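Here is a colleague's note to read beside the model. Keep the structure open and follow the points in order.

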Amino acid sequence: MQDDTRSDARALPPTVIDVRELRTHLVTRWGTIKAVDGVSFAVQESETLGLVGESGSGKSMTCLSLVRLAPRPAARTVGGQVLLDGDDLLTKSEREMQRIRGRKVAMILQDPMSSLNPVFSVGMQMREPVASYHGLRGRALTERAASLLASVRIPAPLQRLRAFPHQMSGGMRQRVVGAMAIAAPPRLLIADEPTTSLDLTIQAQYLNLLKELQQQHRFAMIFVTHNLGIVARMCERVAVMYAGRIIEIGPVRRIFKTPAHPYTRALLASVPRLAAKGERLTAIEGQPPDLATLAPGCAFASRCAHVMDRCRVDAPPPVTLDDGHTTRCWLHVSA
Amino acid sequence: MGALLEVAGLTKHFVVRQGALGWSSAVVRAVDDIAFTLDTGATLGLVGESGCGKTTTSKMVLGLERPTAGTIRFDGQDVLALDAEGRRQYRRAIQAVFQDPYASLDPRMRVATIVAEPLVINTALDGAARRRRVGELLDLVGLPERAAGLYPHEFSGGQRQRIAIARALALSPKLVVLDEPVSALDVSIRAQILNLLTDLQKQLGVSYLFIAHDLAAVAHMSHAIAVMYLGKIVEWGDAQAVALTPKHPYTQALFAAALPIDVDEPREEITLSGEVPSPLAPPPGCHFHPRCPFAMPHCATQAPALRAESGRLVACHLY
């Protein structure tokens, strides 16, 4: 009996989002592009998953597909499941989705100006999610909005409610977006390059803030970035995307120390380091693939230093190494 | 090794109109009395956050902005005192590569025309000689010969940046200003371009003024680093010394914010509070004192001068 209670105490935190074999296709004049091609991952409460990859690798399209905001009519999610607390979002009606977005799933995008309306004061915009979630009005509503601004470390929040977005700095605006994201404490926060437009010291502040908010509200976080330093700092696990697929996923420490996929290895080796002046960087030759004319087999084959014949014919299946470390590479498939 | 570029007392003030009718005006000290030198064949990294004056500095060096005060000496000559012919020579010796290779190349010109344009304007080379030179330049930056006949849209971002570099090198400049040359490129492509720039420097002996947000890239590329904050240089010295053992509290915070990818690397947590103050009303004394974790009472009244400290120059009352 005692053993049971102890194992209960150590039980894993519940899984918030479980994505299974998600497929989103873009129908264009040049044919169908498999922007998201069988992506699977899960994120637990209070956990952060980093999603890294180059432009066009499908990381933003994956995030948009989760909340069913992939640009229509071109984008169509054609398969898979998106289970939020066990409930499949892909089967919801648009009405139901609207209640889920902003209440259970919040997003912070790269450019805060595109998330804020330039003609309304911050207060007007803050009150909307607060009113709809907490059912507050009047003075109580204003106070609640101000306390949210205070919780993202905006000084003089009551006065700031009257300010317009253009009167704030980039860091301040992104804080406002953060405050709106937690107006209704979300189960899942999707942060899509939230600090790319911020200066370095402001970025450090914002990353700390996101971590604090996560500790407070225990939400799961998907952090999209191309900055591997941010992944090392913010995330427990990381998924590396290439040409619409997750080619490697696992704990950050493991992947940064012993990357299994040649692309992950090359990516980590190509980043300059403060302490290594003068050494030649290990460049990845070639270009990221064009998804419209993707050859069969592994998408990285043409740039890979370890390419074999079968890589050009068959796409490698996911191989689990250990500790939840999975990769898609023929090097790790025992013959 | 001689100094190629010597800058002293360099200052740029912009007058901005304020108030509803623009009747009152204020002065922004975008660059405020800075000095640095850059040796032949070396790279000086210029770092700092937006609004610190690094781009204004590079524009003055490029001759695109006239300084309010100060001197720029290039190859021993006072650039600001040059006559028209001298200025023409100067502009040939100094070129630039900008951040966005999608914006800096004319989409309606073929690559051969783009790369040959500086030659047409500045040299008397005939068509055949120009074509030969374009061929050499494309080869130098690792593009195939047939690239000459194509248009910019037929190239990826990394290849476009190679075209921009070929154009910058067309007149064999002595100094190239690199303003965020890799930040618009994909992560896997950046190393290719940084390696190319390093190789070209070794081969041609060209100097770089390297401006970038990516501090690890700056540390990798530069021989010396100058750190700017609100128009002033707060630390200047050997790149490794500045990057690994920064002395100025701002430099320390900046490099602490440059997140290393080594998961085990011990790092100091220095997170600054507050934001960069408006350059319209910089704080008195040391501009950094309101955000400085080590601020002392006299930091608010006396501006620190750049002084030698541990083999570099630091402007801080701590030393």
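1. **Contacts along the chain.** Take the contacts in chain A between residues at least 6 apart in sequence: 63% of them join residues at least 24 apart. Two residues are in contact if their C-beta atoms, placed from the backbone, lie within 7 Å.

2. **Ground rules.** This is a predicted model, in which local features need pLDDT of at least 70, side-chain atom pairs count only at pLDDT 80 or more, and totals for chains, interfaces and linings use all residues. Residues are numbered from 1 along each chain as its sequence is written, while chains are lettered from A and ligands numbered from 1 in the order in which they are written.

3. **Overall shape of chain A.** Chain A has twelve helices and twelve strands. Helices (H or I, at least four residues) and strands (E, at least two) are DSSP runs, numbered from the N terminus. The C-alpha trace spans about 70 × 60 × 50 Å along its principal axes. A compact globule of 335 residues would have a radius of gyration near 20 Å, and the 21 Å of chain A agrees with that. That radius is taken over C-alpha atoms, and the globule rule is 2.2 Å times the number of residues to the power 0.38.

4. **Burial.** Of the 335 residues in chain A, 46% are buried. A residue is buried if 20 or more other C-beta atoms lie within 10 Å of its own, exposed if 12 or fewer, and partly exposed in between; the C-beta atoms are placed from the backbone.

5. **Two domains.** Chain A is assigned domain 1 (12-104 + 187-273 + 281-288) and domain 2 (118-185). These bounds come from an automatic or database domain assignment. The domain centres, taken over C-alpha atoms, are 27 Å apart. Each domain gives twelve residues to the contact between them. On the domain 1 side, helix 9 of chain A supplies the largest share, six residues. By class, that side has seven nonpolar, four polar and one charged residues. Here Ala, Val, Leu, Ile, Met, Phe, Trp, Tyr, Cys and Pro count as nonpolar, Asp, Glu, Lys and Arg as charged, and the others, Gly among them, as polar.

6. **An enclosed strand.** Why is strand 3 of chain A largely enclosed by the rest of the structure? Five of the five residues of this strand (residues 48-52) are buried, so the rest of the structure largely encloses it. Both faces are covered: A:Thr48, A:Gly50 and A:Val52 lie on one side, A:Leu49 and A:Leu51 on the other. Strand 3 pairs in the parallel sense with strand 8 (residues 220-225) over five bridges. It also pairs in the parallel sense with strand 9 (residues 237-242), over four bridges. Two strands pair if DSSP finds at least two bridges between them. A:Thr48 stands opposite A:Met221 in strand 8, and A:Val52 stands opposite A:Val240 in strand 9.

7. **An open sheet.** Four strands of chain A form an open sheet in the order 2-1-4-5, with antiparallel pairing. Strand 2 (31-44) and strand 5 (87-88) stand at the edges with a single partner strand each, so one side of each has no neighbour in the sheet. Strand 1 (residues 15-28) and strand 4 (residues 75-84) pair over eight bridges. There, A:Thr24 stands opposite A:Thr77.

8. **A hairpin.** Strand 11 (residues 319-322) and strand 12 (residues 325-327) of chain A run antiparallel, joined by three bridges. They form a hairpin with two residues between them, and A:Asp323 in the turn has a positive phi of about 50°. A:Asp322 has A:His325 as its bridge partner.

9. **The core.** The largest nonpolar core has 190 residues. Such a core is a set of buried Ala, Val, Leu, Ile, Met, Phe, Trp, Tyr and Cys residues joined through C-beta atoms within 7 Å. Helix 9 (residues 200-217) of chain A gives the largest share of this core, seven residues. Domain 1 and domain 2 of chain A each supply at least three.

10. **Where the chains meet.** The contact takes 39 residues from chain A and 32 residues from chain B. Helix 9 of chain A gives the most to the chain A side, with seven residues. By class, that side has 19 nonpolar, twelve polar and eight charged residues.
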